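Hi,

Here is the structure I promised to pass on. Have a look at it first, and then read my notes below.

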Amino acid sequence: MTRQAAPPLWDHQRQAAEECFGRPGSLLHMGLGTGKTRVAVTLLDRWEARVALVVCPLSVIPTWMAEVEKYSDRPWRTVNLHKGASRLKTAKAALVSAKHHDQPVLLVLNYESVYRDPLGSFLIKEAGLDVLVIDESHRLKSPRGVQSKYVYKLSQVVPRRLALTGTPMPAGPMDIFAQMRFIEPRLFGSSFFRFRARYAKMGGFGGHEVIGYKQVPELQNKLASVTFQASRDVLDLPEATHTEIRCELGREGRKIYNDLAQALRAELEEGEITAANGLVKLLRLQQLTGGTAVVDEVGEVRVDEAKAKALEDLLDNVEPNEPFVVFAQFRADLAAIHRAAANLGRRSLELSGGANDLQAWKDGAAPILAVQIHSGGTGVDLTRSRYCAYYSTGFNLGDYEQSLARVHRPGQGRSVHYYHLVTNETVDDQVYGALRSKKRVVDAILNHLKENYDA
């Protein structure tokens, strides 16, 4: 069987490959759906890589395996190191076989596994990697994170390094240091404290919070020297519309919500809450907007069905077999999505940290897919559906933008409709306002609560 030739590169992909080819380290800051993986595969071929490692989210491993097969003309031996009882044994066997057959070998592994010994040490000391690819590199933004520190150590023995992300700085410029540390350490060195002292203005509680930035043109120029950037504007996509669906908490849900919000305001006034430690309390507030309260010594208690009923009404307005994706943050919200589907006599599947029914949904086993936004927002194709609802979003701008592009991306041939379920007079308003304006969501909510308290 003759292999089908890969389609030609888009203009921006060709430009990206040309710019990155001669550099030891590069960042592909390319919008979702713009074809970062295709550029990476092209570079692997042009570099004539022999032993390459891709580190990516677990859900994206199958995508990498398929993309290399689809876009490369070389006879790659692709190896999913997440599978199997012994990752080290699998990696060694693949390298021996590839060398025997004179094949290039691509090892693909998820973030949670790459640093673990004995494989982690083997990759540094014995694997002979000549290319390291980090997909969704913003996941390594924490300089002290064990995965980030390991990838930096690994990068020191790999001559070519490539990072891919659509959101390199989801919470601000400080996020870029740890990524640049492994991409091109000569830019900012290996000390985060020196980096922060040069580019951040410190203040806030104890003088330990970033309140602004300085030397910004210098920072931008340094990043530009190793970065190729392309936004989603390069894509010719069908129209996408956004609609808010409003609902009201019932009496019991409203009372619990108001009591919790008032307690949080009081702690803000006393200076006990900052963006760093207020997230757990804000998560409880957001979970309440979906109808679930977390009660001490009891656990999760269902107290309201307003948002669940709004979702059920929305689903009832589309044809029963029409594919529909619903994103949510919490396990309780996923359960509410499944109940709404069942109430209409429709089958639903799930993509989350605990379930992966993506392929079954793509194959038409059910019309409705409940997706945990952190698990399903990255590296998956949901273009089977043109309808997408948000039961809840969480507070991560990067996760939200990634999820939008899972439906509205190349391969989508129909106009896309997003529906945002918003519970009135709750944090939902501030969450969506901050996401739309690309602000730091937790800060925006806390500031809003503080202003209302002061008023």
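Predicted model: local features only at pLDDT ≥ 70, side-chain atom pairs only at ≥ 80, totals over all residues.

Residues are numbered from 1 along each chain as its sequence is written, and side-chain values use heavy atoms, with hydrogens and water left out.

The secondary structure comes to 19 helices and 17 strands (these are DSSP runs numbered from the N terminus: helices are H or I with at least four residues, strands are E with at least two).

Now find the open sheet: it has 7 strands in the order 3-4-2-5-6-1-9, with parallel pairing (two strands pair if DSSP finds at least two bridges between them). Strand 3 (77-80) and strand 9 (227-230) stand at the edges with a single partner strand each, so one side of each has no neighbour in the sheet. From one strand to the next, the twist averages 15° (axes are lines fitted to C-alpha atoms, for helices over the stretch in contact, and angles run from 0 to 180 degrees between N-to-C directions).

Methionine 30 stands opposite alanine 230 in strand 9. Helix 1 (residues 11-21) packs on the sheet, where it touches strand 1, strand 6 (160-165) and strand 9 (contact means heavy atoms within 4.5 Å). The direction of helix 1 makes about 170° with that of strand 9.

Next, a helix pair. Helix 7 (residues 146-155) and helix 8 (residues 176-183) pack at about 25°, their axes 8 Å apart. The two are therefore roughly parallel to each other (that word covers angles under 35 degrees; over 145 is roughly antiparallel, 65 to 115 roughly perpendicular, and the rest oblique). Ser148, Lys149, Val151, Tyr152 and Ser155 in helix 7 meet Ala178, Arg181 and Phe182 in helix 8.

Beyond its neighbours within four places in sequence, methionine 180 contacts residues including Leu27, Leu223 and Thr227.

Cheers
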